[in-house]
Amino acid sequence: MTEQQRFEQFVRELTAISKKHGVGIISIGGVFVAEGANDMQDISYTCDSTSGDLEFKLSH
């Protein structure tokens with residue numbers, strides 16, 4: 001699957017999650033596309049709804 005196809009699939013699933021939980025993301029230029037799925041095994045996100053930020057970190 002190409003990077004574009006993976007991104008499109010991610011956006012479809014993110015749209016469904018946003019509808020389910022009532023949370024949307026506004027992000028411009030803040031997308032990281034890994035080389036492979038294994039590169040994202042140690043990903044985590046910040047969990048502070050008051051900051052308005054959604055950041056991820058990789059623990060390698």
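Let's start with the accessibility classes: buried means under 20% relative accessible area, exposed means over 50%, and partly exposed is in between (1.4 Å probe, protein chains only). The model here is predicted, so local features need pLDDT of at least 70 and side-chain atom pairs count only at pLDDT 80 or more, while totals for chains, interfaces and linings use all residues. Residues are numbered from 1 along each chain as its sequence is written, and side-chain values use heavy atoms, with hydrogens and water left out.

**Exercise 1. Sketch the chain: which elements does it have, and in what order?**

Step 1. Count the elements: the protein chain has one helix and two strands. Helices (H or I, at least four residues) and strands (E, at least two) are DSSP runs, numbered from the N terminus.

Step 2. Reading from the N terminus, you get α-β-β.

Step 3. Along the principal axes, the C-alpha atoms fill a box of roughly 35 × 25 × 20 Å. Of the 60 residues in the chain, 3% are buried.

**Exercise 2. Sort Tyr45, Leu54, Gly29 and Cys47 by accessibility class.**

Step 1. Take Tyr45, which sits in strand S1. Its relative accessible area is 46%, so Tyr45 is partly exposed.

Step 2. Move on to Leu54, in the loop between S1 and strand S2 (56–58). Leu54 counts as partly exposed because its relative accessibility is 48%.

Step 3. Now Cys47, which is also found in the loop between S1 and S2. At 80% relative accessibility, Cys47 counts as exposed. Its C-alpha atom is separated by 20 Å from that of Ala16, 31 residues apart along the chain.

Step 4. Finish with Gly29, in the loop between H1 and S1. With a relative accessible area of 80%, Gly29 is exposed.

**Exercise 3. Describe the largest pocket and say what lines it.**

Step 1. Get the volume: about 1,300 Å³. On a 1 Å grid over the protein atoms alone, a pocket is an open set of points where a 1.4 Å probe fits, with protein on both sides within 12 Å along at least five of seven lines; lining residues have an atom within 4 Å of a point.

Step 2. Find the centre. There are 34 lining residues, and the closest to the centre are Phe10, Leu14, Ile25, Tyr45 and Leu54.

Step 3. Trace the sources. Helix H1 (3–21) and strand S1 (43–45) each give at least two lining residues, and H1 has the largest share, with ten.

Notes
Grid points are joined across faces, edges and corners, and a volume is the space filled by probe spheres set on the points.
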